[in-house]
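Try each task before you read its solution.

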Amino acid sequence: MADKQPQLNGAFYGPSVPPPTKTYHRHGHGRGCACCLLSTIIKLIIGIVVVVGIAVLILWLVFRPNKLRFDVTSAQLTQFNFTGNQLHYNLALNLTIRNPNKRIGVYYDAIEASPFYKDQRLNTQWLPPFYQGHKTTTVVAPQFNGQQLVLLGAQELTEFNAEKLAGVFNIDVKFRPRLRLKLGAVRIGKLKPKVNCELKVPLESSATSFTFFQTTRCDFDF
């Protein structure tokens with residue numbers, strides 16, 4: 001006779017089963033943090049630009065910088081003639097540099113000086129460094145001599161012959177100073193302005209020239 005199984009009344013007395021855990025996904029949280037970081041960086045950059053701009057404005061109002069003045073006050077040309085395509089030349093200049101500023105000193109770390117004829121470089125001289133104080137004038141005297149290959153086209157050759165006949169030659173001299181400014185106890189900048197001097201220089205040995213050199217203001221540009 002088979003054993004009878006006990007009847008269950010439906011009650012379960014084992015350990016309780018916990019309900020399933022609900023998982024929540026927060027979409028876009030990482031993207032929001034990236035946007036906040038980008039916004040903070042942009043605000044920081046804008047703040048720095050504003051502070052620097054205000055500082056520059058204050059410095060300008062305090063020091064009121066004026067352009068330096070470059071004038072060629074005298075020029076001596078004792079040789080300027082061609083042998084074939086070789087130009088023989090001897091040119092000496094007096095260059096006056098004026099610092100008109102009341103509160104700004106200027107360090108001239110170097111000055112590159114080069115004469116040009118018909119857009120062709122003849123020579124390059126490096127002038128010695130110096131310091132220029134407030135409202136002072138300095139005279140430098142570059143000299144250029146030697147010979148250089150200069151190729152002239154038909155039009156340029158015609159211009160040379162006309163200048164030779166007049167005894168006055170159109171010579172451009174370009175200066176490339178390397179500057180630092182002194183504002184009080186602070187030295188700032190590594191500036192490289194361009195100074196271009198368009199000269200009309202009489203040849204001293206020319207019997208046809210009765211022209212005297214006139215002081216020439218040079219173009220100064222950053």
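**Exercise 1. The disulfide**

Is Cys218 buried or exposed? Then find its partner and describe the link.

Solution. The model is predicted.

- Step 1. Take the accessibility. Cys218 has 6% relative accessibility. The cut-off for buried is under 20%. Cys218 therefore counts as buried.
- Step 2. Find the partner. A disulfide joins Cys218 to Cys197, with an S to S distance of 2.0 Å. The count for the model is one disulfide.
- Step 3. Cys197 lies in strand S11 (residues 194-202), and Cys218 lies in the loop between S12 and strand S13 (219-221), so the pair ties together parts that are 21 residues apart in sequence.
- Step 4. Get the handedness. The torsion about the S-S bond is about 105 degrees, so this disulfide is right-handed.
- Step 5. Check the partner. Cys197 is buried too, at 1% relative accessibility.
- Step 6. Look at another cysteine. Cys36 has 52% relative accessibility and counts as exposed.

**Exercise 2. A salt-bridge network**

Which residues are linked with Asp71 in a network of salt bridges? Trace each link.

Solution. Side chains of opposite charge can pair when their charged atoms come close.

- Step 1. Start at Arg69. Arg69 forms a salt bridge with Asp71, and their closest N and O atoms are 3.0 Å apart.
- Step 2. Go on from Asp71. Its side chain also meets that of Arg217 in a salt bridge, at 2.5 Å from N to O. Asp71 lies in strand S1 (residues 69-83) and Arg217 in strand S12 (residues 216-217), so this pair ties together parts that are 146 residues apart in sequence.
- Step 3. Join the links. Arg69, Asp71 and Arg217 make up the network.
- Step 4. Compare accessibility. Asp71 is buried at 8%. Arg69 is partly exposed, at 39%.
- Step 5. Look elsewhere. Glu112 forms a salt bridge with Arg121, with closest N and O atoms 3.6 Å apart. Arg121 is partly exposed at 41%. The model's count is six salt bridges.

**Exercise 3. The surroundings of His88**

With which side chain does the side chain of His88 make a polar contact? Describe the setting of His88 as well.

Solution. 

- Step 1. Locate the residue. His88 sits in strand S2 (residues 86-99).
- Step 2. Judge its accessibility. The value is 18%, so His88 counts as buried.
- Step 3. Find the polar partner. The side chain of Thr83 makes the contact, at 3.4 Å.
- Step 4. List the contacts, leaving aside neighbours within four places in sequence. They are Gln79, Phe80, Asn81, Thr83, Gly146 and Gln147.

**Exercise 4. Strand partners and a helix**

In which sense do strand S9 (residues 168-183) and S11 pair, and over how many bridges?

Solution. 

- Step 1. Pair S9 with S11. The sense is antiparallel, over eight bridges. Within this pairing, Asp172 stands opposite Glu198 in S11.
- Step 2. Move to S13. Three bridges join S11 to S13, and these strands run antiparallel. Lys194 stands opposite Asp221 in S13.
- Step 3. Helix H2 (residues 154-166) has 13 residues. From first C-alpha to last, H2 reaches 19 Å, close to the 18 Å expected at 1.5 Å a residue.

Notes:
Residues numbered from 1 in each chain as written. Predicted model: local features only at pLDDT ≥ 70, side-chain atom pairs only at ≥ 80, totals over all residues. Heavy atoms only, no water. Helix = DSSP H or I, 4+ residues; strand = E, 2+ residues; numbered from the N terminus. Buried < 20%, exposed > 50% of the residue type's maximum accessible area, 1.4 Å probe, protein only. Polar contact = N/O pair within 3.5 Å; in protein donor to acceptor, adjacent residues only side chain to side chain. Contact = heavy atoms within 4.5 Å. Salt bridge = Lys/Arg side-chain N within 4 Å of Asp/Glu carboxyl O. Disulfide = S-S within 2.5 Å. Expected span 1.5 Å × (residues − 1). Pairing = 2+ DSSP bridges.
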